[in-house]
Amino acid sequence: TWTTDAFVEEAIREVKARVGDKRVLLALSGGVDSSTLAFLLHKAIGDRLTCMFIDQGFMRKGEPERLVKLFQEQFHISVVHVQARERFLAQLDGVMDPEVKRKRIGHEFIQVFEEESRRLGPFDYLAQGTLYPDVIESADTNVDPATGERVAVKIKSHHNVGGLPKDLRFKLVEPLRKLFKDEVRKVGRSLGLPEEIVNRHPFPGPGLAIRIIGEVTAERLNILRDADWVVRQEINRSGYYHDFWQAFAVLLPIRSVGVMGDQRTYAHPVVLRFISSEDGMTADWSRAPYELLETISNRIVNEVKGVNRVVYDITSKPPGTIEWE
Ligand code: XMP
C-alpha cells in the first residue's frame, strides 16, 4: 500500500541516484505541484537545485514577493526571481483574442525561460511537476520526435505553445509522475510545505491576464488585482475557502452607469466566479451564502476604484468554462 513517507524516501533516493552531482533547474510557479517538487528536490540535492520564478505580472496581489520570501527566508531554497512584468505586458498591447493572448504569454514565457536558463546554467536536468493525469493526457509532449527519448520539449504550464530549442532539451526529472493531485498534497505536507500552498486553489498559468476580458492593460490589472484581493480576504475570513474549487473575480471591459454619493459613475463590472468541482473537468456554480456575496460586493464597489457593479456567474461547466477566456 502507498504511504507518503515511503514514497518520499524512495523518490529522494531515485533523484539522488539519477542526478548525482549535476545541477537541476526548476520553473517554480507557486502552485502545489512545483512547490512540492522544489521541497522534494531540495531535500535530495540541496543547493544543486536552482528554482526560477518568472514574474509575468499576472499573479495575485503580493504573491510573487510572498512566494520568493517564503522559499528563501523560511526554507532556504534558492529562487531566482525574474522580473519580467513589462515584457509580458508589452506582448499583450492591443491583443483582444483569448487564444492570441495565451499564445503570446506562452511564447514570452519560453523566451524568458530560455534567456535565463542560459544565463544561470548550464543545467543538466530540468525538474517538472508532471503528475499522472498529465502523463496520460499528453503522453507525447515531452518525447523528442527525433530520438523518442523523454526530454524537456515543452514546459508543463505552457503545453500549448512552441517548445524549447534543441540545445536546451534538458533531461527530465519528474518524481511526481505517478501521483494524483491529492497525493501530491500529502507529499507536500509531509515535506513541510505550508498549508497556504498545499491548499491553494488552482490558478491558471496565464493568471489574471485571462480574467481580464479583452485588452490587458496595467490599469486593468491593478483594478482586477484589488478586486481579487477583496474576494480572497473575505473568503478566507468566512471559513468557506475549502468549499470552493476556485473562487475568483473577472473584469469586464465594458462600462455601465452607477451612482456614488451624488455623483454619476461610469465604470467596469466585476464578475464573481465561485465554483465547486472534483477535477476541473466539470463544475457547478457554488450556492455561496448571500452574506458572503453581500460583503464582497459592498467592499469591491466601495474600495476598488474603477468598479461600480458586481455580478455573480450562475453558469455550470459545461456549457460554460471555469475561466472566462
Ligand atoms: P476551464 O476554463 O478550461 O479551466 O474550464 C479548467 C481548469 O484549468 C485551469 N486553467 C489553466 N491552468 N494554464 C493552467 O495552468 C492555463 O492556461 C489554464 N487555463 C485554465 C482553470 O483555472 C481551471 O482550474
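Colleague: In which helix does serine 35 lie?

Modeller: Serine 35 lies in helix H2, where a helix is a DSSP run (H or I) of at least four residues, numbered from the N terminus. Serine 34 is found in that helix too, which covers residues 32–45. This is a predicted model, in which local features need pLDDT of at least 70, side-chain atom pairs count only at pLDDT 80 or more, and totals for chains, interfaces and linings use all residues. Residues are numbered from 1 along each chain as its sequence is written.

Colleague: Is serine 35 buried or exposed?

Modeller: A residue is buried if 20 or more other C-beta atoms, placed from the backbone, lie within 10 Å of its own, exposed if 12 or fewer, and partly exposed in between. Serine 35 is buried because 28 other C-beta atoms lie within 10 Å, and serine 34 is buried with 22.

Colleague: Which residues is serine 35 in contact with, leaving aside its neighbours within four places in sequence?

Modeller: Two residues are in contact if their C-beta atoms, placed from the backbone, lie within 7 Å. With those neighbours left aside, serine 35 is in contact with Leu28, Gly30, Gly188, Leu193 and Ile197, while serine 34, treated likewise, has contacts that include Leu26, Ala27 and Gly129.

Colleague: What does UniProt list for "binding site"?

Modeller: UniProt positions use the numbering used here, and annotations may be inferred rather than shown by experiment. The unreviewed UniProt entry lists Ser29, Gly30, Gly31, Val32, Asp33, Ser34 and Ser35 under that heading.

Note on methods
Helices (H or I, at least four residues) and strands (E, at least two) are DSSP runs, numbered from the N terminus.
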